[in-house]
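Dear colleague,

I am passing on the structure we spoke about, with the sequence alongside.

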Amino acid sequence: MEATGEHVTGKWIYWAELGAGLLGAALALVSPIVQAEGLTHAFAHAMEQDPTWAEARARYAEVLADRDLARAGYHPVLTVAGRATANHREVVGDYFGLQDIDRSDDFEAVGYSIQLRQPILRLDRWRQRDAASLRVAAAAARLNAAEVDLMLRVADAYFAALDAEQDLEFAKAELRAISDRADQVREQAQLEIATELGRSEADAQRELARARVLRAEQALLTRRAELALITGEPTMVLSAIRSYGYLPELSTTDREAWVQQARESNPLLVATRLESEVASRAVDIERAARLPTLDLIAQRDYIDNSGGVSGEREDSEDLIGLELRLPVFDGGATRARTTAAVARYEQALARQARAQRQAEFQATSAHSALLLGREQVAALRTARSATYDAVEATEGGVFAGTRTEVDLVQALRERFDAERALTRAVHGYLLNSLRLKAAAGTLGTPDLMSVNRMLDD
């Protein structure tokens with residue numbers, strides 16, 4: 001099943017043209033001199049600035065170094081040692097066949113030793129090398145999961161900030177519209193065309209709208225700060241969703257297909273599977289510590305004594321051979337380490353089971369939310385158009401005297417609420433499309449670019 005952004009087909013869903021002027025006016029408040037940055041720009045900033053992503057990359061580099069360390073266990077080891085000493089030696093008694101010696105001497109000695117050791121049979125190191133390769137694969141899957149997580153965190157924070165920004169613009173536009181109506185009601189009340197009760201209710205609606213503006217301003221500051229935590233860019237200018245466009249469709253609507261894809265490709269699940277295999281190899285490594293080892297050894301020793309009881313001499317020795325070691329008893333350390341490795345393997349299996357359930361849940365949840373989200377967007381588009389019709393009808397009723405100004409203010413509020421609900425529903429749909437692909441293990445930069453193309457330049 002293909003679920004990448006490169007193969008997504010789109011069905012154009014045109015949003016109602018009514019209200020486009022309002023949204024355009026709100027977005028026009030942003031200075032045209034400042035270049036707006038889309039979702040892909042935010043992700044690029046996050047790749048450079050996010051501490052969590054930097055930590056994940058450093059952890060991957062650490063595992064690569066550990067792999068090289070494990071490989072070194074089967075490489076030859078060359079050791080060179082040298083020594084220069086000043087010595088004082090006393091000999092009393094028999095010494096190599098000489099009797100009744102009583103002698104002391106001061107002399108210098110210079111020597112060196114060169115040893116080459118090549119492991120031949122080290123089963124624990126062979127298994128360490130294999131386990132290290134598996135750890136690298138697991139770390140790569142973890143790094144992929146961290147990148148996917150960064151994409152989702154950027155998208156969540158970006159659309160949350162965009163929601164807050166648009167909430168503020170809608171709140172300001174709502175305040176302006178309600179204030180204008182409240183002023184008209186006040187003038188009509190002075191001319192005794194409207195009642196004092198109507199004026200009071202209109203004034204109350206204006207104050208409530210002003211309070212919503214203040215609340216929206218605070219929410220925007222918070223959301224932009226949360227985005228800056230990831231991107232390191234506190235002054236990023238956001239690009240909003242166009243007032244027209246398409247919603248990307250699923251490559252398949254079969255929920256079980258997405259769940260199966262998650263079982264196979266979810267990056268965290270893949271990582272935990274590999275980590276379980278690493279833990280299994282760790283048990284074998286500890287058990288291999290009981291087995292004999294065999295090394296090839298080549299060595300040369302040289303010493304130059306300038307004196308001593310044996311007199312001035314030069315000694316050298318060359319050897320080559322095999323060294324066999326058989327562990328007999330280590331106080332129970334090997335058994336204890338093996339028991340601990342088995343316990344860690346059981347923990348890894350439990351983490352794998354938990355990761356699989358989580359992947360299945362994420363795929364099921366995002367799939368359901370996506371299907372319902374498309375229906376919600378369609379319903380809210382219809383509802384938004386209806387609210388514009390309601391405003392026009394209420395305006396006509398006010399002019400005919402069958403409706404009050406308070407009714408018109410309420411109709412305006414319902415229109416702005418419909419605008420906000422539709423915008424949030426579209427954002428939610430796009431986020432759920434990214435979450436579904438993340439759960440299935442197919443989310444990549446092309447998917448962000450696909451969403452980014454729906455944003456204004």
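What follows is a summary of what was found, from the chain as a whole down to individual residues.

Please keep in mind that this is a predicted model. The protein chain has 10 helices and six strands, and buried residues make up 40% of its 457 residues. Among contacts between residues at least 6 apart in sequence, 82% join residues at least 24 apart. The accessible surface of the chain comes to about 24700 Å², and 54% of that belongs to carbon and sulfur atoms.

As background, nonpolar side chains tend to be buried together in soluble globular proteins.

W53, in helix α3, is a residue to look at on the way. W53 counts as buried because its relative accessibility is 6%, under the 20% cut-off. Leaving aside residues up to four places away in sequence, W53 touches A46, M47, L143, A146, E147 and L150. The C-alpha atoms of W53 and E147 are separated by 7.1 Å, although these two residues are 94 apart along the chain.

Helix α7 covers residues 267–288, and its 22 residues reach 31 Å from the first C-alpha to the last, close to the 32 Å expected at 1.5 Å a residue. At its N-terminal end α7 is capped by N266, which places a side-chain oxygen 3.2 Å from the backbone nitrogen of L268. The buried residues of α7 include P267, L269, T272, S276, V283 and E286.

Turning to charged side chains, the count comes to 25 salt bridges. In one of them, R142 and E275 meet at 2.9 Å, N to O, and this pair links distant parts of the chain, with R142 in helix α4 and E275 in helix α7, 133 residues apart. R142 counts as partly exposed at 34% relative accessibility, and E275 is likewise partly exposed at 23%. D156 and R435 form another salt bridge (2.8 Å, N to O); D156 lies in helix α4 and R435 in helix α9, so the pair ties together parts that are 279 residues apart in sequence. D156 is partly exposed, with a relative accessible area of 30%, and R435 is partly exposed at 33%.

The salt bridge between D447 and K437 has its closest N and O atoms 3.1 Å apart, and it ties helix α10, where D447 lies, to helix α9, where K437 lies, across 10 residues in sequence. Both D447 and K437 are buried.

Finally, salt bridges that share partners join R117, R122, D295, E323 and R325 into one network. Within this group, R117 is found in strand β3 (residues 98–121) and is buried, with a relative accessible area of 18%. The side chain of R117 makes polar contacts with the side chain of D295 at 3.0 Å and with the side chain of E323 at 2.8 Å. Residues that R117 touches, beyond those up to four places away in sequence, also include H75, P76, V77, L296 and I297.

How values were computed:
Residues numbered from 1 in each chain as written. Predicted model: local features only at pLDDT ≥ 70, side-chain atom pairs only at ≥ 80, totals over all residues. Heavy atoms only, no water. Helix = DSSP H or I, 4+ residues; strand = E, 2+ residues; numbered from the N terminus. Buried < 20%, exposed > 50% of the residue type's maximum accessible area, 1.4 Å probe, protein only. Contact = heavy atoms within 4.5 Å. Areas by Shrake-Rupley, 256 points an atom, 1.4 Å probe, with all protein chains shown as cover. Expected span 1.5 Å × (residues − 1). Polar contact = N/O pair within 3.5 Å; in protein donor to acceptor, adjacent residues only side chain to side chain. Salt bridge = Lys/Arg side-chain N within 4 Å of Asp/Glu carboxyl O.
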